[in-house]
Amino acid sequence: MRIEVKTKDKTYPIEMERGLLYKVKEFIGNEQVFLISDDGVPEKYRNILQEQFPNAHMYVMPQGEASKCFQTLESILKAMLDANMTRNDIVVALGGGVVGDISGFAAATYMRGIRYINIPTTTLSQIDSSIGGKTAIDLDGYKNSVGAFWQPEAVLIDFDVLNTLPERHFNNGLVEAIKAGLIKDEKLFELFEDESYLEHIEEIIEKSIRIKKEVVENDEREKGERKLLNFGHTYGHAYESYYGFDRYYHGECVAMGMMSILKNEEIKSRLENILQRLHIPSSCDADKDEIVRLIKNDKKAKHDAVTIVQVDEIGKGYLQDVSMEEMRRNLG
Ligand SMILES: NC(=O)c1ccc[n+]([C@@H]2O[C@H](COP(=O)([O-])OP(=O)(O)OC[C@H]3O[C@@H](n4cnc5c(N)ncnc54)[C@H](O)[C@@H]3O)[C@@H](O)[C@H]2O)c1
Ligand SMILES: [Zn+2]
């Protein structure tokens, strides 16, 4: 299955197929390949790539968000120089959002920008982070504060690699698909209401990608429609900062964020049922005043109001300005 993403600079394919990891060579010509991954990605996947590109340098960083930093970026860029990578060569990223984000940014900055292929290996990266061209590293505890819009040559999705993903990470990524359903596609949301939603995993990923693709094509630089993808993220980011990116994963914070912002009781209870099935928390014990303070400090908050995404009818997310008092009241 192939979906094409059309951006201002270029059109690139998202290829989806079981076993695609064995066919990466088909997407690359004679150029030199620089592979980037992390040590949490099972070694067997790295080996499958290395066998296809025996001469490629393989850079493996420690797993985890802490690797998305200047130090790692510098060390990747140095290794690329040492490997004599030229402007015509290509970076291949194999991993979750951490690997994809920093590899994309390394590709965006090396020699003023070289090509890269993204092979996302987590649900979060297959559904969300590998599409849209946002690349970044964190600085001083501020997530994604240094980065670039840089589109990949191709995104290669092999559903089989998800078999080894720990369940908590697996479900964490699915929250972005639930979110996509809530703002744009009732059918996608309903797939999660089926006990055997796992049987629909390919359809879930494909539908989510189509939603993200459309939104991103209409609004590459997040001036309008792309903001809809931030549903649940205003409170979600505040929960992430509050807990120091440790206790909860991103998707879990977004899930709690969606529960905090939703007003429609029926949608809320349907969402809560789904979250329960996926063992994802729907609320937390964060200090409410502190959460509002964190939202105020966030760059998106203008003066005394903040633009959030609301959903009163599944599939129809919309933007709304909400006062800080109301943001506090929402938390009870
Ligand atoms: N660029 C964007 O638009 C965008 C959007 C959303 C999130 N993000 C970023 O994505 C990052 C989070 O991504 P993530 O949730 O994929 O986390 P992650 O990259 O840290 O991966 C989660 C864990 O799973 C391991 N792993 C990866 N693939 C595996 C597999 N197939 N089998 C077993 N283990 C595997 C990793 O080593 C890691 O330990 C954050 O840094 C976030 O800022 C970016
Ligand atoms: Zn998100």
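Which residues come nearest to ligand 1? The model is predicted, and the views below start with that ligand.

**View 1. The shell around ligand 1.** There are 26 residues around ligand 1. Asp 38, Gln 63, Glu 65, Thr 121 and Thr 122 come nearest. By residue type, the shell divides into eight nonpolar, ten polar and eight charged residues.

View 2. Glu 65 places an N or O atom of its side chain 2.6 Å from an oxygen atom of ligand 1. The side chain of Asn 144 also takes part: one of its N or O atoms is 3.5 Å from an oxygen atom of the ligand. Val 41 uses its backbone instead, with an N or O atom 3.5 Å from an oxygen atom of ligand 1. On its own, ligand 1 has 870 Å² of accessible area, and the protein covers 90% of that.

**View 3. The zinc site.** Ligand 2 is a zinc ion. Its protein donors are Glu 176 (OE), His 233 (NE2) and His 250 (NE2). They lie 1.9 to 2.1 Å from the ion. Along the sequence, the donor residues follow the spacing E-x56-H-x16-H. His 233 belongs to helix α8 (residues 233–242) and His 250 to helix α9 (residues 250–261), so this pair ties together parts that are 17 residues apart in sequence.

**View 4. Helix α5.** This helix runs through residues 167–184. How far apart are its end C-alpha atoms? They are 26 Å apart. That agrees with the 26 Å that its 18 residues should span at 1.5 Å a residue. Of those 18 residues, 14 are buried, so α5 is largely enclosed by the rest of the structure.

**View 5. Leu 182 and Gly 315.** Leu 182 is found in helix α5. Leu 182 counts as buried because its relative accessibility is 0%. Where does the chain come back to this residue? Gly 315 is 133 residues away from Leu 182 along the chain, yet their C-alpha atoms are separated by 4.9 Å.

How values were computed
Residues are numbered from 1 along each chain as its sequence is written. Chains are lettered from A and ligands numbered from 1 in the order in which they are written. This is a predicted model: local features need pLDDT of at least 70, side-chain atom pairs count only at pLDDT 80 or more; totals for chains, interfaces and linings use all residues. Side-chain values use heavy atoms; hydrogens and water are left out. A residue is near a molecule or strand if one of its heavy atoms lies within 4 Å of it. A polar contact is a pair of N or O atoms within 3.5 Å; within protein, one must be able to donate a hydrogen and the other to accept it, and residues adjacent in sequence count only if both atoms are side-chain atoms. Accessible areas come from the Shrake-Rupley method with a 1.4 Å probe; for residues, only the protein chains shown count as cover. Ala, Val, Leu, Ile, Met, Phe, Trp, Tyr, Cys and Pro count as nonpolar, Asp, Glu, Lys and Arg as charged, and the others, Gly among them, as polar. Helices (H or I, at least four residues) and strands (E, at least two) are DSSP runs, numbered from the N terminus. The expected span of a helix is 1.5 Å times one less than its number of residues. Buried means under 20% relative accessible area, exposed over 50%, partly exposed in between (1.4 Å probe, protein chains only). Donors are N, O and S atoms within 2.8 Å of the metal (3.2 Å for Na, K and Ca); water is not among the atoms, so sites may look incomplete.
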